[in-house]
Amino acid sequence: MSDKNKITTNSGCPVGKGQYENSQTVGERGPVLIQDFFLHEKLAQFNRERIPERIVHAKGAGAFGKFVVTNDISNYSRAKIFSEIGKETKMFARFSTVGGEKGSADTERDPRGFALKFYTEDGNWDLVGNNTPVFFIKDAKKFPDFIHTQKRDPRTNCKSPTMMWDFWSHNPESLHQVLILMSDRGTPDGFRHMHGFGSHTFSMVNDKNERVYVKFHSRTNQGIKNFEGPEAESYRGVDPDHSQRDLVEAIDKGDFPRWTMYIQVMTEQQIKDYPWNPFDVTKVWSQKEYPLIEVGYFELNKIPENYFRDVEQAAFSPSNVVDGIGFSPDKMLQGRIFAYPDAQRYRIGSNYQDLPVNACPFMVNNYHRDGALKFTDNGGSSQNYFPNSFDGNHTSEEYEGKPYQLDSDTVNYFDRNHGLKGDDDHYSQPGVLFDKVMDDKAKQNTINNIVSSMSGIEGDKKDEIILRQLCHWFRVSPHLGLGVAKGLEVDISSFMPK
Ligand code: HEM
(Lines give C-alpha, C1' and ligand atoms only; values in the text may rest on other atoms or scores of the structure.)
Protein backbone atom coordinates (compact mmCIF):
# COMPACT_ATOMS: atom_id res chain seq x y z
CA MET A 1 0.00 0.00 0.00
CA SER A 2 1.42 3.41 -0.91
CA ASP A 3 2.05 5.89 1.91
CA LYS A 4 2.57 9.39 0.48
CA ASN A 5 3.91 10.76 3.75
CA LYS A 6 6.83 8.37 3.80
CA ILE A 7 10.16 10.31 3.75
CA THR A 8 12.67 9.09 1.18
CA THR A 9 16.16 9.91 -0.10
CA ASN A 10 16.49 11.65 -3.50
CA SER A 11 16.68 8.23 -5.10
CA GLY A 12 13.39 7.22 -3.48
CA CYS A 13 14.72 4.97 -0.74
CA PRO A 14 12.53 5.21 2.42
CA VAL A 15 14.39 6.76 5.37
CA GLY A 16 14.44 4.57 8.47
CA LYS A 17 13.63 5.56 12.03
CA GLY A 18 16.32 7.80 13.53
CA GLN A 19 18.01 8.12 10.14
CA TYR A 20 16.60 11.55 9.17
CA GLU A 21 18.03 13.59 12.02
CA ASN A 22 20.77 11.41 13.42
CA SER A 23 24.02 10.43 11.74
CA GLN A 24 25.09 6.80 11.65
CA THR A 25 27.88 6.40 14.21
CA VAL A 26 30.18 3.87 15.76
CA GLY A 27 28.58 3.61 19.14
CA GLU A 28 26.32 6.26 20.65
CA ARG A 29 29.05 8.91 20.83
CA GLY A 30 30.56 8.56 17.32
CA PRO A 31 32.63 8.92 15.17
CA VAL A 32 30.36 9.16 12.08
CA LEU A 33 30.43 6.49 9.38
CA ILE A 34 31.25 7.47 5.79
CA GLN A 35 28.58 5.04 4.62
CA ASP A 36 25.83 7.38 5.87
CA PHE A 37 24.99 8.47 2.31
CA PHE A 38 21.85 10.30 3.44
CA LEU A 39 23.96 12.64 5.57
CA HIS A 40 26.10 13.39 2.48
CA GLU A 41 23.01 13.95 0.36
CA LYS A 42 21.50 16.39 2.88
CA LEU A 43 24.67 18.43 3.34
CA ALA A 44 25.57 18.41 -0.35
CA GLN A 45 22.09 19.47 -1.46
CA PHE A 46 22.12 22.27 1.11
CA ASN A 47 25.52 23.50 -0.09
CA ARG A 48 24.05 23.89 -3.58
CA GLU A 49 20.78 25.64 -2.67
CA ARG A 50 21.85 29.05 -3.99
CA ILE A 51 22.18 29.91 -7.62
CA PRO A 52 24.00 33.18 -8.40
CA GLU A 53 21.70 36.09 -7.71
CA ARG A 54 20.85 38.31 -10.67
CA ILE A 55 23.77 40.69 -11.31
CA VAL A 56 21.16 43.49 -11.08
CA HIS A 57 17.53 43.35 -9.88
CA ALA A 58 18.42 40.61 -7.37
CA LYS A 59 15.61 41.43 -4.89
CA GLY A 60 12.15 40.93 -6.29
CA ALA A 61 8.62 39.57 -6.00
CA GLY A 62 6.57 37.77 -8.64
CA ALA A 63 3.01 36.76 -9.43
CA PHE A 64 0.99 35.08 -12.17
CA GLY A 65 -1.99 36.71 -13.83
CA LYS A 66 -3.77 37.41 -17.08
CA PHE A 67 -3.69 40.03 -19.79
CA VAL A 68 -7.01 41.01 -21.41
CA VAL A 69 -7.37 42.99 -24.65
CA THR A 70 -9.82 45.91 -24.41
CA ASN A 71 -9.06 47.81 -27.63
CA ASP A 72 -8.34 46.73 -31.19
CA ILE A 73 -4.79 47.67 -32.19
CA SER A 74 -4.54 45.18 -35.06
CA ASN A 75 -4.01 48.14 -37.44
CA TYR A 76 -0.57 48.46 -35.74
CA SER A 77 0.36 44.91 -34.79
CA ARG A 78 -0.45 41.44 -36.06
CA ALA A 79 0.78 39.91 -32.78
CA LYS A 80 -1.68 37.16 -31.84
CA ILE A 81 -1.87 38.42 -28.25
CA PHE A 82 -3.75 41.52 -29.54
CA SER A 83 -5.87 39.69 -32.14
CA GLU A 84 -9.33 40.30 -30.63
CA ILE A 85 -11.04 42.29 -27.91
CA GLY A 86 -11.64 40.15 -24.84
CA LYS A 87 -8.76 37.76 -25.62
CA GLU A 88 -7.01 36.55 -22.44
CA THR A 89 -3.34 35.58 -22.23
CA LYS A 90 -1.67 33.99 -19.21
CA MET A 91 1.24 35.99 -17.87
CA PHE A 92 3.86 36.29 -15.14
CA ALA A 93 5.25 39.50 -13.60
CA ARG A 94 8.31 40.19 -11.48
CA PHE A 95 8.97 43.49 -9.74
CA SER A 96 12.36 44.32 -8.25
CA THR A 97 14.80 46.88 -6.97
CA VAL A 98 17.96 47.28 -9.05
CA GLY A 99 21.20 47.82 -7.13
CA GLY A 100 20.66 45.91 -3.89
CA GLU A 101 21.45 42.30 -3.15
CA LYS A 102 18.83 39.59 -2.63
CA GLY A 103 18.50 40.48 1.05
CA SER A 104 18.40 44.27 0.63
CA ALA A 105 15.51 46.48 1.70
CA ASP A 106 12.51 47.03 -0.57
CA THR A 107 12.27 50.76 0.17
CA GLU A 108 15.75 51.73 -1.07
CA ARG A 109 15.86 54.74 -3.39
CA ASP A 110 16.20 52.96 -6.72
CA PRO A 111 14.24 52.43 -9.93
CA ARG A 112 11.93 49.42 -9.72
CA GLY A 113 12.06 46.63 -12.28
CA PHE A 114 8.74 45.92 -13.98
CA ALA A 115 9.17 42.70 -15.97
CA LEU A 116 6.25 41.04 -17.75
CA LYS A 117 6.14 37.68 -19.53
CA PHE A 118 3.15 36.89 -21.74
CA TYR A 119 2.65 33.24 -22.73
CA THR A 120 1.32 33.78 -26.29
CA GLU A 121 0.66 31.04 -28.84
CA ASP A 122 3.45 32.51 -31.02
CA GLY A 123 5.96 32.21 -28.17
CA ASN A 124 6.69 34.08 -24.97
CA TRP A 125 6.76 37.85 -25.25
CA ASP A 126 8.74 39.62 -22.49
CA LEU A 127 8.43 43.31 -21.78
CA VAL A 128 11.32 43.89 -19.38
CA GLY A 129 10.89 47.47 -18.21
CA ASN A 130 11.12 49.70 -15.19
CA ASN A 131 8.77 51.99 -13.28
CA THR A 132 10.32 54.94 -15.10
CA PRO A 133 9.99 55.86 -18.79
CA VAL A 134 13.72 56.62 -19.22
CA PHE A 135 17.09 55.22 -18.15
CA PHE A 136 20.45 56.58 -16.87
CA ILE A 137 22.50 55.88 -19.99
CA LYS A 138 21.80 55.41 -23.67
CA ASP A 139 24.49 52.95 -24.69
CA ALA A 140 24.87 49.39 -23.35
CA LYS A 141 28.66 49.81 -23.32
CA LYS A 142 28.29 52.10 -20.30
CA PHE A 143 26.18 49.65 -18.30
CA PRO A 144 28.93 47.75 -16.39
CA ASP A 145 30.60 51.04 -15.33
CA PHE A 146 27.28 52.53 -14.31
CA ILE A 147 26.23 49.48 -12.29
CA HIS A 148 29.62 49.32 -10.52
CA THR A 149 28.79 52.77 -9.09
CA GLN A 150 25.45 51.50 -7.75
CA LYS A 151 27.01 48.50 -6.04
CA ARG A 152 29.69 48.47 -3.33
CA ASP A 153 33.00 50.32 -3.14
CA PRO A 154 35.80 47.79 -3.83
CA ARG A 155 37.67 48.68 -0.61
CA THR A 156 35.08 49.70 1.97
CA ASN A 157 32.44 47.26 0.66
CA CYS A 158 29.89 50.00 1.37
CA LYS A 159 27.53 51.84 -0.99
CA SER A 160 29.22 55.04 -2.09
CA PRO A 161 27.41 58.30 -2.98
CA THR A 162 30.83 59.53 -4.19
CA MET A 163 30.98 56.86 -6.91
CA MET A 164 27.34 57.45 -7.89
CA TRP A 165 27.55 61.22 -8.23
CA ASP A 166 31.00 61.07 -9.82
CA PHE A 167 29.60 58.84 -12.58
CA TRP A 168 26.38 60.83 -12.99
CA SER A 169 28.19 64.17 -13.07
CA HIS A 170 30.40 62.82 -15.87
CA ASN A 171 27.33 61.55 -17.76
CA PRO A 172 24.70 64.29 -18.05
CA GLU A 173 22.55 61.95 -20.18
CA SER A 174 21.64 60.46 -16.77
CA LEU A 175 19.98 63.70 -15.54
CA HIS A 176 16.44 62.84 -16.59
CA GLN A 177 16.48 59.47 -14.81
CA VAL A 178 18.39 60.81 -11.79
CA LEU A 179 15.80 63.56 -11.35
CA ILE A 180 12.98 60.99 -11.33
CA LEU A 181 15.00 58.80 -8.97
CA MET A 182 15.47 61.71 -6.56
CA SER A 183 11.76 62.57 -6.61
CA ASP A 184 9.40 60.57 -4.39
CA ARG A 185 8.87 58.19 -7.34
CA GLY A 186 12.30 56.82 -6.38
CA THR A 187 10.73 55.29 -3.27
CA PRO A 188 7.36 53.71 -4.23
CA ASP A 189 5.15 52.39 -1.44
CA GLY A 190 5.09 48.79 -2.66
CA PHE A 191 4.95 47.41 -6.18
CA ARG A 192 1.18 47.75 -6.66
CA HIS A 193 1.26 51.54 -6.59
CA MET A 194 3.59 52.32 -9.46
CA HIS A 195 3.33 52.61 -13.24
CA GLY A 196 5.41 50.42 -15.53
CA PHE A 197 7.11 51.34 -18.79
CA GLY A 198 8.69 49.38 -21.62
CA SER A 199 10.99 52.44 -21.66
CA HIS A 200 12.65 51.64 -25.02
CA THR A 201 11.13 52.28 -28.40
CA PHE A 202 9.87 49.05 -29.94
CA SER A 203 8.37 48.39 -33.35
CA MET A 204 5.11 46.82 -34.44
CA VAL A 205 4.22 45.31 -37.80
CA ASN A 206 0.66 44.68 -39.00
CA ASP A 207 -0.68 42.08 -41.41
CA LYS A 208 0.01 44.42 -44.36
CA ASN A 209 3.67 44.42 -43.27
CA GLU A 210 3.48 48.12 -42.30
CA ARG A 211 5.77 49.23 -39.46
CA VAL A 212 5.16 51.74 -36.67
CA TYR A 213 7.29 52.48 -33.61
CA VAL A 214 5.78 52.27 -30.13
CA LYS A 215 6.42 52.87 -26.46
CA PHE A 216 4.55 50.80 -23.85
CA HIS A 217 3.00 52.27 -20.70
CA SER A 218 1.27 50.30 -17.92
CA ARG A 219 -0.62 52.59 -15.56
CA THR A 220 -1.50 51.35 -12.09
CA ASN A 221 -5.22 51.17 -11.31
CA GLN A 222 -4.34 51.25 -7.58
CA GLY A 223 -3.09 54.85 -7.87
CA ILE A 224 0.47 56.09 -7.35
CA LYS A 225 1.66 55.90 -3.74
CA ASN A 226 5.18 56.84 -2.70
CA PHE A 227 7.12 57.12 0.52
CA GLU A 228 8.76 60.43 1.27
CA GLY A 229 12.53 60.19 1.81
CA PRO A 230 12.76 59.89 5.62
CA GLU A 231 9.80 57.49 5.77
CA ALA A 232 11.40 55.21 3.14
CA GLU A 233 14.62 55.23 5.12
CA SER A 234 12.97 54.24 8.38
CA TYR A 235 10.96 51.51 6.63
CA ARG A 236 14.23 49.78 5.68
CA GLY A 237 14.41 48.79 9.34
CA VAL A 238 10.68 48.44 10.05
CA ASP A 239 10.02 45.95 7.23
CA PRO A 240 12.77 45.36 4.68
CA ASP A 241 10.37 43.09 2.74
CA HIS A 242 7.55 45.62 2.64
CA SER A 243 6.86 45.42 -1.13
CA GLN A 244 7.03 41.61 -1.25
CA ARG A 245 4.69 41.30 1.74
CA ASP A 246 2.26 43.89 0.37
CA LEU A 247 1.95 42.03 -2.96
CA VAL A 248 1.46 38.62 -1.31
CA GLU A 249 -1.09 39.90 1.21
CA ALA A 250 -3.15 41.76 -1.42
CA ILE A 251 -3.31 38.81 -3.83
CA ASP A 252 -3.91 36.24 -1.08
CA LYS A 253 -6.99 38.13 0.09
CA GLY A 254 -8.35 38.49 -3.47
CA ASP A 255 -7.48 42.15 -3.92
CA PHE A 256 -5.92 41.58 -7.35
CA PRO A 257 -3.80 44.50 -8.57
CA ARG A 258 -4.42 45.74 -12.12
CA TRP A 259 -2.63 47.89 -14.63
CA THR A 260 -4.01 49.33 -17.88
CA MET A 261 -1.65 48.99 -20.83
CA TYR A 262 -1.29 51.72 -23.44
CA ILE A 263 0.96 52.41 -26.41
CA GLN A 264 2.28 55.60 -27.94
CA VAL A 265 2.74 55.33 -31.70
CA MET A 266 5.03 57.05 -34.23
CA THR A 267 4.95 56.33 -37.94
CA GLU A 268 8.20 55.81 -39.84
CA GLN A 269 7.89 59.38 -41.16
CA GLN A 270 7.26 60.86 -37.66
CA ILE A 271 10.37 59.03 -36.45
CA LYS A 272 12.41 60.89 -39.09
CA ASP A 273 10.87 64.27 -38.16
CA TYR A 274 11.17 64.04 -34.34
CA PRO A 275 13.53 66.72 -32.93
CA TRP A 276 15.34 64.23 -30.68
CA ASN A 277 16.55 60.75 -31.41
CA PRO A 278 13.30 58.79 -30.87
CA PHE A 279 15.34 55.68 -30.09
CA ASP A 280 17.17 57.30 -27.17
CA VAL A 281 16.04 55.71 -23.87
CA THR A 282 17.02 58.84 -21.90
CA LYS A 283 14.17 60.76 -23.61
CA VAL A 284 10.37 60.53 -23.50
CA TRP A 285 7.90 61.11 -26.33
CA SER A 286 5.48 63.97 -25.76
CA GLN A 287 2.11 62.53 -24.72
CA LYS A 288 0.39 65.61 -26.17
CA GLU A 289 1.76 64.88 -29.64
CA TYR A 290 1.72 61.08 -29.31
CA PRO A 291 -1.24 60.33 -27.02
CA LEU A 292 -1.67 57.10 -25.09
CA ILE A 293 -3.77 54.50 -26.92
CA GLU A 294 -5.38 51.87 -24.70
CA VAL A 295 -4.53 48.24 -25.43
CA GLY A 296 -5.81 46.19 -22.51
CA TYR A 297 -5.28 45.48 -18.84
CA PHE A 298 -3.44 42.92 -16.79
CA GLU A 299 -4.33 41.56 -13.41
CA LEU A 300 -2.10 39.59 -11.04
CA ASN A 301 -4.08 36.92 -9.25
CA LYS A 302 -1.77 34.14 -8.03
CA ILE A 303 1.37 34.09 -5.93
CA PRO A 304 3.60 31.18 -7.05
CA GLU A 305 3.49 28.20 -4.69
CA ASN A 306 7.27 28.07 -4.62
CA TYR A 307 9.32 31.27 -4.76
CA PHE A 308 12.57 29.67 -5.86
CA ARG A 309 11.02 27.60 -8.61
CA ASP A 310 9.07 30.37 -10.30
CA VAL A 311 10.50 33.73 -9.19
CA GLU A 312 14.20 33.06 -8.60
CA GLN A 313 14.45 30.93 -11.73
CA ALA A 314 12.37 33.29 -13.89
CA ALA A 315 14.31 34.45 -16.93
CA PHE A 316 12.97 37.57 -18.64
CA SER A 317 14.68 38.87 -21.75
CA PRO A 318 14.10 41.70 -24.23
CA SER A 319 15.14 39.15 -26.88
CA ASN A 320 11.84 37.31 -26.30
CA VAL A 321 9.74 39.04 -28.94
CA VAL A 322 6.94 37.60 -31.06
CA ASP A 323 5.74 38.14 -34.59
CA GLY A 324 4.16 41.63 -34.82
CA ILE A 325 6.32 43.14 -32.03
CA GLY A 326 9.98 43.86 -32.68
CA PHE A 327 13.08 45.87 -31.85
CA SER A 328 14.18 49.37 -32.78
CA PRO A 329 17.69 50.73 -33.36
CA ASP A 330 17.84 51.83 -29.66
CA LYS A 331 21.47 51.11 -28.70
CA MET A 332 20.59 50.07 -25.16
CA LEU A 333 17.87 47.71 -26.29
CA GLN A 334 20.27 46.13 -28.80
CA GLY A 335 22.84 45.52 -26.03
CA ARG A 336 20.20 44.02 -23.76
CA ILE A 337 19.24 41.50 -26.44
CA PHE A 338 22.65 39.89 -25.84
CA ALA A 339 22.99 40.48 -22.08
CA TYR A 340 19.93 38.68 -20.68
CA PRO A 341 20.15 35.19 -22.24
CA ASP A 342 23.91 35.29 -21.58
CA ALA A 343 23.30 36.09 -17.90
CA GLN A 344 20.64 33.39 -17.65
CA ARG A 345 22.80 30.64 -19.17
CA TYR A 346 25.35 31.46 -16.46
CA ARG A 347 22.83 32.00 -13.64
CA ILE A 348 20.42 29.11 -14.26
CA GLY A 349 22.05 26.88 -16.89
CA SER A 350 21.83 26.37 -20.63
CA ASN A 351 18.41 24.69 -20.48
CA TYR A 352 16.80 27.50 -18.45
CA GLN A 353 14.04 27.91 -21.03
CA ASP A 354 12.70 24.44 -20.20
CA LEU A 355 11.87 25.42 -16.61
CA PRO A 356 8.11 25.72 -16.01
CA VAL A 357 8.00 29.51 -15.50
CA ASN A 358 10.11 30.14 -18.62
CA ALA A 359 8.79 27.42 -20.90
CA CYS A 360 6.47 28.32 -23.76
CA PRO A 361 3.27 26.38 -22.99
CA PHE A 362 2.56 26.13 -26.73
CA MET A 363 4.82 24.64 -29.36
CA VAL A 364 8.65 24.61 -29.18
CA ASN A 365 10.19 22.73 -32.12
CA ASN A 366 13.83 22.96 -33.18
CA TYR A 367 17.09 21.04 -33.31
CA HIS A 368 18.78 22.31 -30.14
CA ARG A 369 19.67 19.27 -28.05
CA ASP A 370 21.31 18.07 -24.84
CA GLY A 371 23.19 20.16 -22.25
CA ALA A 372 23.18 19.97 -18.46
CA LEU A 373 19.89 19.06 -16.80
CA LYS A 374 17.89 18.45 -19.95
CA PHE A 375 14.76 16.96 -18.43
CA THR A 376 12.28 17.38 -21.27
CA ASP A 377 12.04 14.64 -23.93
CA ASN A 378 15.00 16.32 -25.74
CA GLY A 379 13.46 15.68 -29.15
CA GLY A 380 13.14 11.96 -28.44
CA SER A 381 14.29 9.85 -31.38
CA SER A 382 13.48 12.52 -34.00
CA GLN A 383 16.03 14.09 -36.36
CA ASN A 384 18.52 16.44 -34.70
CA TYR A 385 19.54 18.33 -37.85
CA PHE A 386 17.88 20.54 -40.47
CA PRO A 387 17.24 20.40 -43.36
CA ASN A 388 16.47 16.70 -43.47
CA SER A 389 14.44 14.33 -45.64
CA PHE A 390 12.32 12.87 -42.86
CA ASP A 391 10.37 15.05 -40.46
CA GLY A 392 8.67 17.57 -42.81
CA ASN A 393 9.53 20.54 -40.54
CA HIS A 394 9.78 23.92 -42.22
CA THR A 395 10.22 27.63 -41.57
CA SER A 396 7.25 29.87 -42.37
CA GLU A 397 6.99 32.67 -44.93
CA GLU A 398 4.17 34.36 -43.00
CA TYR A 399 6.65 35.11 -40.19
CA GLU A 400 9.17 36.87 -42.43
CA GLY A 401 9.88 40.32 -40.95
CA LYS A 402 9.84 43.63 -42.74
CA PRO A 403 13.35 44.75 -43.78
CA TYR A 404 14.94 47.86 -42.22
CA GLN A 405 16.70 50.21 -44.55
CA LEU A 406 20.09 51.38 -43.33
CA ASP A 407 22.32 53.90 -45.05
CA SER A 408 25.07 55.08 -42.75
CA ASP A 409 28.74 54.90 -41.81
CA THR A 410 30.03 52.70 -38.98
CA VAL A 411 31.08 54.84 -36.04
CA ASN A 412 31.72 54.85 -32.27
CA TYR A 413 29.62 57.94 -31.71
CA PHE A 414 30.46 60.26 -28.82
CA ASP A 415 28.88 63.52 -27.78
CA ARG A 416 30.59 66.43 -29.51
CA ASN A 417 27.85 68.85 -28.44
CA HIS A 418 28.58 68.80 -24.69
CA GLY A 419 25.05 67.73 -23.88
CA LEU A 420 23.60 70.91 -25.23
CA LYS A 421 21.86 70.35 -28.54
CA GLY A 422 20.10 67.94 -30.85
CA ASP A 423 20.25 64.32 -29.81
CA ASP A 424 22.68 65.31 -27.06
CA ASP A 425 20.40 67.84 -25.40
CA HIS A 426 20.28 66.29 -21.92
CA TYR A 427 18.76 69.29 -20.17
CA SER A 428 15.44 70.30 -21.81
CA GLN A 429 13.34 67.27 -20.87
CA PRO A 430 14.42 67.14 -17.19
CA GLY A 431 13.85 70.93 -17.14
CA VAL A 432 10.23 70.49 -18.24
CA LEU A 433 9.79 67.71 -15.67
CA PHE A 434 11.04 69.87 -12.81
CA ASP A 435 9.62 73.27 -13.81
CA LYS A 436 6.30 72.29 -15.39
CA VAL A 437 5.26 68.83 -14.17
CA MET A 438 6.25 68.84 -10.48
CA ASP A 439 4.15 70.83 -8.01
CA ASP A 440 5.82 72.84 -5.23
CA LYS A 441 5.84 69.96 -2.75
CA ALA A 442 7.29 67.53 -5.29
CA LYS A 443 9.97 70.09 -6.17
CA GLN A 444 10.93 70.62 -2.53
CA ASN A 445 11.00 66.89 -1.74
CA THR A 446 13.18 66.30 -4.81
CA ILE A 447 15.61 69.00 -3.73
CA ASN A 448 15.70 67.56 -0.20
CA ASN A 449 16.37 64.05 -1.52
CA ILE A 450 19.16 65.27 -3.81
CA VAL A 451 20.75 67.23 -0.96
CA SER A 452 20.52 64.25 1.36
CA SER A 453 22.16 61.98 -1.22
CA MET A 454 24.84 64.44 -2.42
CA SER A 455 25.77 65.15 1.20
CA GLY A 456 27.30 61.68 1.22
CA ILE A 457 29.95 62.65 -1.36
CA GLU A 458 33.35 62.56 0.32
CA GLY A 459 37.09 62.48 -0.35
CA ASP A 460 39.54 64.79 -2.06
CA LYS A 461 37.41 65.07 -5.24
CA LYS A 462 34.32 66.10 -3.26
CA ASP A 463 34.24 69.76 -4.34
CA GLU A 464 34.95 68.93 -7.96
CA ILE A 465 32.12 66.36 -8.13
CA ILE A 466 29.64 68.62 -6.35
CA LEU A 467 30.47 71.56 -8.60
CA ARG A 468 30.20 69.50 -11.79
CA GLN A 469 26.80 68.12 -10.73
CA LEU A 470 25.56 71.52 -9.55
CA CYS A 471 26.30 72.96 -13.00
CA HIS A 472 24.06 70.25 -14.48
CA TRP A 473 21.25 71.04 -12.03
CA PHE A 474 21.49 74.75 -12.90
CA ARG A 475 21.27 73.92 -16.60
CA VAL A 476 18.16 71.79 -15.93
CA SER A 477 16.50 74.60 -13.95
CA PRO A 478 17.91 77.60 -12.05
CA HIS A 479 15.33 76.95 -9.29
CA LEU A 480 16.64 73.40 -8.91
CA GLY A 481 20.29 74.47 -9.00
CA LEU A 482 19.75 77.16 -6.39
CA GLY A 483 17.76 74.83 -4.14
CA VAL A 484 20.45 72.14 -4.20
CA ALA A 485 23.29 74.66 -3.75
CA LYS A 486 21.49 76.17 -0.76
CA GLY A 487 20.83 72.78 0.78
CA LEU A 488 24.47 71.78 0.38
CA GLU A 489 25.56 75.17 1.74
CA VAL A 490 27.63 75.87 -1.36
CA ASP A 491 28.41 79.55 -1.82
CA ILE A 492 27.74 79.85 -5.55
CA SER A 493 29.10 83.41 -5.68
CA SER A 494 32.57 81.90 -5.32
CA PHE A 495 32.06 80.16 -8.69
CA MET A 496 30.96 83.32 -10.51
CA PRO A 497 33.47 84.99 -12.82
CA LYS A 498 35.06 87.94 -10.97
C1 HEM B 1 22.21 47.85 -21.76
C2 HEM B 1 21.79 48.03 -20.55
C3 HEM B 1 21.36 46.88 -19.68
C4 HEM B 1 21.97 45.69 -19.45
C5 HEM B 1 23.28 45.21 -20.03
C6 HEM B 1 21.14 44.97 -18.51
C7 HEM B 1 21.44 43.72 -18.01
C8 HEM B 1 20.65 43.01 -17.13
C9 HEM B 1 20.96 41.71 -16.63
C10 HEM B 1 22.21 40.91 -16.98
C11 HEM B 1 19.95 41.34 -15.82
C12 HEM B 1 19.84 40.03 -15.04
C13 HEM B 1 19.09 39.02 -15.88
C14 HEM B 1 18.95 37.69 -15.19
O15 HEM B 1 19.91 37.22 -14.57
O16 HEM B 1 17.86 37.10 -15.29
C17 HEM B 1 18.99 42.39 -15.82
C18 HEM B 1 17.79 42.37 -15.14
C19 HEM B 1 16.80 43.30 -15.35
N20 HEM B 1 16.87 44.45 -16.10
FE21 HEM B 1 18.44 45.09 -17.15
N22 HEM B 1 20.04 45.72 -18.21
C23 HEM B 1 20.12 46.89 -18.92
C24 HEM B 1 19.22 47.91 -18.93
C25 HEM B 1 17.95 47.83 -18.45
C26 HEM B 1 16.89 48.76 -18.71
C27 HEM B 1 17.00 50.00 -19.59
C28 HEM B 1 15.78 48.29 -18.06
C29 HEM B 1 14.40 48.85 -18.01
C30 HEM B 1 13.91 49.68 -18.88
C31 HEM B 1 16.15 47.06 -17.40
C32 HEM B 1 15.30 46.27 -16.64
C33 HEM B 1 15.66 45.09 -16.05
C34 HEM B 1 14.75 44.32 -15.22
C35 HEM B 1 13.31 44.66 -14.89
C36 HEM B 1 15.47 43.20 -14.79
C37 HEM B 1 14.97 42.10 -13.87
C38 HEM B 1 14.19 41.06 -14.63
C39 HEM B 1 13.64 40.05 -13.66
O40 HEM B 1 12.74 40.44 -12.90
O41 HEM B 1 14.11 38.92 -13.65
N42 HEM B 1 17.46 46.81 -17.64
N43 HEM B 1 19.45 43.42 -16.62
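Predicted model: local features only at pLDDT ≥ 70, side-chain atom pairs only at ≥ 80, totals over all residues.
The domain assignment divides the chain into domain 1 (1–49), domain 2 (60–354) and domain 3 (427–495). Between the C-alpha centres of domain 1 and domain 3 the distance is 62 Å.

The ligand is surrounded by 28 residues, and the closest of these are His57, Arg94, Gly113, Ala140 and Ser199. By residue class, the shell around the ligand consists of 15 nonpolar, nine polar and four charged residues. Several elements contribute at least two residues each to this shell, namely strand 2 (88–97), strand 3 (112–120), strand 4 (123–130) and helix 9 (331–347). The most is given by helix 9, which supplies eight residues.

Ser199 counts as buried because it has 27 C-beta neighbours inside 10 Å, where the cut-off for burial is 20 or more. Leu373 likewise is a residue other than glycine with a positive phi, in this case near 55 degrees. Leu373 lies in the loop between helix 9 and helix 10. With 11 C-beta neighbours inside 10 Å, Leu373 counts as exposed, since the cut-off for exposure is 12 or fewer.

The bond from Gly30 to Pro31 is cis, with omega near 5 degrees. Pro31 belongs to the segment before helix 1 (37–47). The bond that joins Phe386 and Pro387 is also cis, and its omega is about 0 degrees. Pro387 is located in the loop between helix 9 and helix 10 (428–437), and Leu373 is placed in the loop between these two helices as well.

The largest nonpolar core contains 48 residues, of which Met91 and Ala93 touch the most other members. When neighbours within four places in sequence are left aside, the contacts of Ala93 are Gly62, Ala63, Gly65, Ala115, Leu116 and Leu300.

Strand 7 (residues 211–220) is mostly covered, as seven of its 10 residues are buried. Strand 7 pairs with strand 5 in the antiparallel sense over two bridges. Within strand 7, His217 is the bridge partner of Phe197. His217 also stands opposite Tyr262 in strand 8. Strand 8 (residues 258–267) runs antiparallel to strand 7 and is joined to it by nine bridges. The pairing of strand 6 with strand 7 is antiparallel too, and extends over four bridges. Here the bridge partner of Val205 is Arg211, in strand 7. Strand 6 and strand 7 form a hairpin with five residues between the strands, and in this hairpin Asn209 takes a positive phi near 65 degrees.

Helix 3 (residues 161–170) has as its buried residues Met164, Trp165, Asp166, Phe167, Trp168 and Ser169. These buried residues are covered by elements that include helix 2 (143–150), helix 4 (175–182), helix 11 (440–454) and helix 12 (462–476). Gly456 is found in the loop between helix 11 and helix 12. The C-alpha atoms of Gly456 and Trp165 are 9.5 Å apart in space, although the two residues are separated by 291 residues in sequence. Trp165 is one of the buried residues of helix 3, whereas Gly456 is exposed, with 12 other C-beta atoms within 10 Å.

Definitions and conventions
Residues numbered from 1 in each chain as written. Near = placed C-beta within 6 Å. Nonpolar A, V, L, I, M, F, W, Y, C, P; charged D, E, K, R; others polar. Domains from an automatic or database assignment. Contact = placed C-beta atoms within 7 Å. Core = buried A, V, L, I, M, F, W, Y, C linked by C-beta atoms within 7 Å. Pairing = 2+ DSSP bridges.
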